Amino acid sequence: MSSSIEVRLNVDFPEFAVNVDLSLPGRGVTALYGHSGSGKTTCLRCIAGLEKASSGFIAINGEVWQDSANGIFVAPHKRSLGYVFQEASLFAHLTVRGNLEFGFKRIAAGERRVNLEQAAALLGIDHLLSRQPDKLSGGERQRVGIARALLTSPRLLLLDEPLAALDAQRKGEILPYLERLHDELDIPMLYVSHSQDEVARLADHLVLLSGGKALASGPIGETLARLDLPLAMGDDAGVVIEGSVSAYDDAYQLVTVRLPYSELTIRVAHAPLGMETPLRFKVQARDVSLSLRADDQSSILNRLPVTVTSEVPADNAAHVLVRLDAAGTPLLARITRYSRDQLQLHPGQQLWAQIKSVALLA
Amino acid sequence: MPLGSADLAAIWLTLKLASLTTVILLIVGTPIALWLAHTRSWLKGPVGAVVALPLVLPPTVIGFYLLLFLGPNGAIGQFTQSIGLGTLTFSFSGLVIGSVLYSMPFVVQPLQNAFVAIGPRPLEVAATLRANPWDTFFAVVLPLARPGLITGAILGFAHTVGEFGVVLMIGGNIPEKTRVVSTQIYNHVESMEYVQAHWLAGSMLVFSFLVLLALYSSGKTKSAWS
């Protein structure tokens, strides 16, 4: 278990408790998702050592940061981590360059795997280096905050709702940079968020927190499709699928994406993409309808043969939520209870899922 | 020459006293202000109140107790005698001790306000960027508290220049040793030397006005004081 992140925490604050036992992948993006007060920020602060859990064990890819049973608590400044706060929290007395160099100067030269030029280019802040933080936009400040954290070449990058303080436009400005971090750097990230949208775009692994406890922890595609979690209840319910480009239709400007584990494909309108380009997309439960026959006399582009796995009542009496299996890829469909009865749905039944729309995420 | 040599000696002694007091207060006052800004201890109230006492007490009260403590029968006086320093009353060292206590709130409070205004976040950021606590203090806290440091230094200096009661109680009025500008003005008035008194008093007035003008005209330092 050396390539993993082990986090066991017991926090007993007077009006707040967190008890989690997580074993997370040692690479990629893990989202800690939950509503405010669910304990996700507390978890992150404990991992950074900014908060001291009453008892706990924290090990990052084999390096122990806290082990209460053996009296080990590594001070925050001795932990090889990068922390991006909700507000960028740049040092007001330093220029952008001064902020970026702050952590960079404080690590041993041999440990520097990211240099200032690389980080500045990666986050698109090369032209801002001589500015004072108060002369930057909110989005620029946050990008400097992320670059500053990266420049300590951390073994773990912690991001505490880095987009929450920004408006929708600024969020859209930063998300591509976060995706680049994910794709180009081999630094595991823990990403705290209460936005399903950000989680769907960035996360490989999802931890669902509620009331200081972890309700679920697993790969994003699998976890979002679980019917026993409140995630499935919202209007936003849906699954995230990671496929790869298998063909491009120039005449109709459609890209064909092969689903993982199977030869099933779906087609999406998109500019040309190279073969085997990984693509992540979200299929919302409300955009999936069910049909007993393969209805090719329809404008709906994507039809997949699926098997009904299970169903649960949705958040209102008129709908049910059906979990489907498309040759190994889970899907969710939100249909009316009336339709369910008309189709006489039951587990094991084979039918066709019609996907009205697919949202490309990256 | 409107200012006599005794006047010049008094001015020189005043500047020396105020400078030394300010330097000591910045060194001693910074940890106190830092502690007051961050502690959750029950001692915060009592310590804050003690530091602020000179704001409300008549200077003669402070001078009186210092005289007792530093005098030959006082606790500190006995100690300084036992290590061969003699007593500190009616000496320049005694004046410095008195001034440090008397001007303490004028340095500690702007510093404390500045440290409170910085908040915990920059300290946390510094820790996540590998800075140990000392490093954080010099690289982050002090630079961010600069307006408070400047305000504290100016107020501490100016207030020491303006003190009279404490000086008179523990320093006496010894030329070139403990006779500062404020006591020298008092001497002139006692001796009916109104012209000389005017020159010194007027200089003090202009000096104090200029200091406060500089303070209140600078937006940065004002915010740290209020």
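1. In chain A of this predicted model, 5 strands make up an open sheet whose order is 16-20-17-18-19, with antiparallel pairing. Strands here are DSSP runs of E with at least two residues, helices are runs of H or I with at least four residues, and both are numbered from the N terminus; two strands count as paired if DSSP finds at least two bridges between them. The edges are taken by strand 16 (288–291) and strand 19 (329–336) of chain A, and because each has a single partner strand, one side of each is left without a neighbour in the sheet. From one strand to the next the twist averages 45°, where axes are lines fitted to C-alpha atoms, for helices over the stretch in contact, and angles run from 0 to 180 degrees between N-to-C directions.

2. Within that sheet, strand 18 (residues 319–326) of chain A pairs with strand 19 of chain A in the antiparallel sense over 8 bridges.

3. Strand 13 (residues 254–258) of chain A is joined to strand 14 of chain A by 5 bridges in the antiparallel sense, and R258(A) stands opposite T265(A) in strand 14 of chain A.

4. Chain B, by its secondary structure, has 12 helices and 0 strands, and its C-alpha trace spans about 65 × 45 × 30 Å along the principal axes. Of its 226 residues, 44% count as buried, meaning under 20% relative accessible area with a 1.4 Å probe and protein chains only. Among contacts (heavy atoms within 4.5 Å) in chain B between residues at least 6 apart in sequence, 71% join residues at least 24 apart.

5. The accessible surface of chain B, from the Shrake-Rupley method with a 1.4 Å probe, comes to about 11400 Å², and 72% of this belongs to carbon and sulfur atoms.

6. On conventions, residues are numbered from 1 along each chain as its sequence is written, and chains are lettered from A in the order in which they are written. Local features need pLDDT of at least 70 and side-chain atom pairs count only at pLDDT 80 or more, while totals for chains, interfaces and linings use all residues, and side-chain values use heavy atoms, with hydrogens and water left out.

How values were computed: Buried means under 20% relative accessible area, exposed over 50%, partly exposed in between (1.4 Å probe, protein chains only).
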